[in-house]
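Visitor: I would like a close look at one part of this model. Please keep it brisk and give the cut-offs as you go.

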Amino acid sequence: MENNNLTQNSKLYLDAPILGGLLMAFFSVMPVISIFNLLCCMWLVIGGAVSYIIASKKDDYIPRSTDGLIYGALSGVFGWIFNGVLTFIFMGLKAKKFALARERLLNMNAPEAERIVRLVDKFGFKMIVLFLSLGLIIFYLVFPTIGGALAQALSGKNKKDKVQKELPKEEKKGDEV
Amino acid sequence: MTKMEFSVSQIFIEEIETKIKIFLLVLFFILNFLIILPIFGFGDIINFFVYKLFSFVCHQSDSLSFWINGSKLAVCSRCTGIYQAFFISSVLFYFKNIKFQKTYFIKILVISIIVFIFTKIAPFFANLSLLNLLRWLSGVLIGIIFSYSIYGNGGKSGK
């Protein structure tokens with residue numbers, strides 16, 4: 001009986017994590033709105049939570065205790081990809097502003113500012129953005145997963161017994177066939 | 001329009017759950033290491049990348065961060081609390097197989113909100129070191145909530 005439960009197939013929706021990922025990446029890249037990420041990575045947590053909520057609102061959704069984790073983690077992966085793409089688009093659009101900021105930093109005559117400019121020049125601005133975008137994966141894997149799990153915990157759908165109540169119904173259907 | 005959904009087995013889901021939980025533990029171990037990396041003085045380049053990376057998720061304010069050996073940690077005192085508490089409580093929850101109970105969850109959530117609000121009032125009467133300690137405590141509670149929501153529904157096997 002336990003084996004039947006384990007081998008039984010259930011659905012995993014992809015549109016929910018894609019939407020959640022797009023939401024977190026968009027708000028994380030936008031200049032003013034992205035500041036909310038300083039509050040425990042708010043957009044990333046919200047993105048993960050939204051992806052779980054979207055999936056749980058589906059008509060044929062069967063609750064599983066792991067859904068928050070899985071949808072959160074998936075949305076983080078999509079979010080990281082979208083974030084990379086959006087960052088480079090944004091960087092291209094704001095290239096002139098970045099050049100101006102570099103000149104301003106040099107004109108400040110502050111040793112700290114000069115040191116930063118020298119570092120950026122050493123590696124190249126694009127390379128630094130690329131390194132940082134790659135490094136951001138650590139946050140995009142952690143915080144959306146937490147967001148998904150939090151959403152599930154608050155919705156009260158992560159109790160094992162609730163999930164297992166749903167499963168035998170499906171099993172009975174399978175037995176009848 | 002094609003439906004964007006996959007059919008997956010329950011075994012696969014259970015396996016993924018365990019893997020995500022272990023992976024998160026490893027990630028938080030790395031994050032905790034990165035936070036204290038600037039105090040080892042590995043050089044400007046490494047410090048620059050670590051501070052820049054964490055600037056995405058933290059304000060890194062000088063006065064609201066812990067300083068060790070004249071070097072600032074990569075994140076503020078609250079975030080330090082979150083990362084440390086998440087890692088430590090996750091390890092405990094993972095091996096202790098704690099069952100999730102919503103009442104506990106809500107209780108910790110309410111306490112952490114109260115402490116969080118208290119840290120906003122504290123600057124009016126507390127000195128900076130006490131404020132940082134309070135901020136760290138609020139971070140610890142948030143970290144415990146985060147880990148409880150993930151590891152609270154079962155440890156190693158997710159059962």
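What pattern does chain B follow, read along the sequence?

Guide: Chain B follows β-α-α-β-β-α-α-α. That is five helices and three strands. Helices (H or I, at least four residues) and strands (E, at least two) are DSSP runs, numbered from the N terminus.

The model is predicted: local features need pLDDT of at least 70, side-chain atom pairs count only at pLDDT 80 or more, and totals for chains, interfaces and linings use all residues. Residues are numbered from 1 along each chain as its sequence is written, while chains are lettered from A and ligands numbered from 1 in the order in which they are written.

Start with the outline of chain B. Its C-alpha atoms fill a box of roughly 55 × 40 × 40 Å along the principal axes. Of its 159 residues, 38% count as buried. Buried means 20 or more other C-beta atoms within 10 Å of a residue's own; exposed means 12 or fewer; partly exposed lies in between; C-beta atoms are placed from the backbone. Take the contacts in chain B with a separation of 6 or more: residues 24 or more positions apart account for 73% of them. A contact needs two C-beta atoms, placed from the backbone, within 7 Å.

Now the close look: one helix pair. Helix α1 (residues 10-36) of chain B packs against helix α3 (residues 77-96) of chain B at about 145 degrees, with axes 9 Å apart. Axes are lines fitted to C-alpha atoms, for helices over the stretch in contact; angles run from 0 to 180 degrees between N-to-C directions. The crossing of α1(B) and α3(B) is left-handed. Left-handed means that the near helix is turned anticlockwise from the far one by less than a right angle; clockwise would be right-handed.

Which residues meet? From α1(B) come B:K21, B:L24, B:L25, B:F28, B:F29, B:L31, B:N32 and B:I35. From α3(B) come B:T80, B:Y83, B:Q84, B:F86, B:F87, B:S90, B:V91 and B:Y94. By class, this contact has 11 nonpolar, four polar and one charged residues. Ala, Val, Leu, Ile, Met, Phe, Trp, Tyr, Cys and Pro count as nonpolar, Asp, Glu, Lys and Arg as charged, and the others, Gly among them, as polar. An α-helix has 3.6 residues a turn, so residues three or four places apart point the same way.

Look at B:Y83. Leaving out residues up to four places away in sequence, B:Y83 touches B:F28, B:L31, B:N32, B:I35 and B:G143. B:Y83 also belongs to the largest nonpolar core, which has 75 residues. A nonpolar core is a set of buried Ala, Val, Leu, Ile, Met, Phe, Trp, Tyr and Cys residues joined through C-beta atoms within 7 Å. The residues with the most contacts inside this core are A:C41, A:L44, A:V45, A:F139, A:I146, B:V75 and B:Y83.

For contrast, take B:S129 in helix α5 (residues 128-151) of chain B. B:S129 counts as exposed because it has 10 C-beta neighbours inside 10 Å. B:S129 and B:F66 are 63 residues apart in sequence, yet 8.8 Å apart in space, C-alpha to C-alpha.

Last, the partner. The contact takes 37 residues from chain B and 40 residues from chain A. On the chain A side, α8(A) gives the most, with nine residues. That side divides into 22 nonpolar, 12 polar and six charged residues. Chain A itself has nine helices and one strand. Buried residues make up 36% of its 177 residues.
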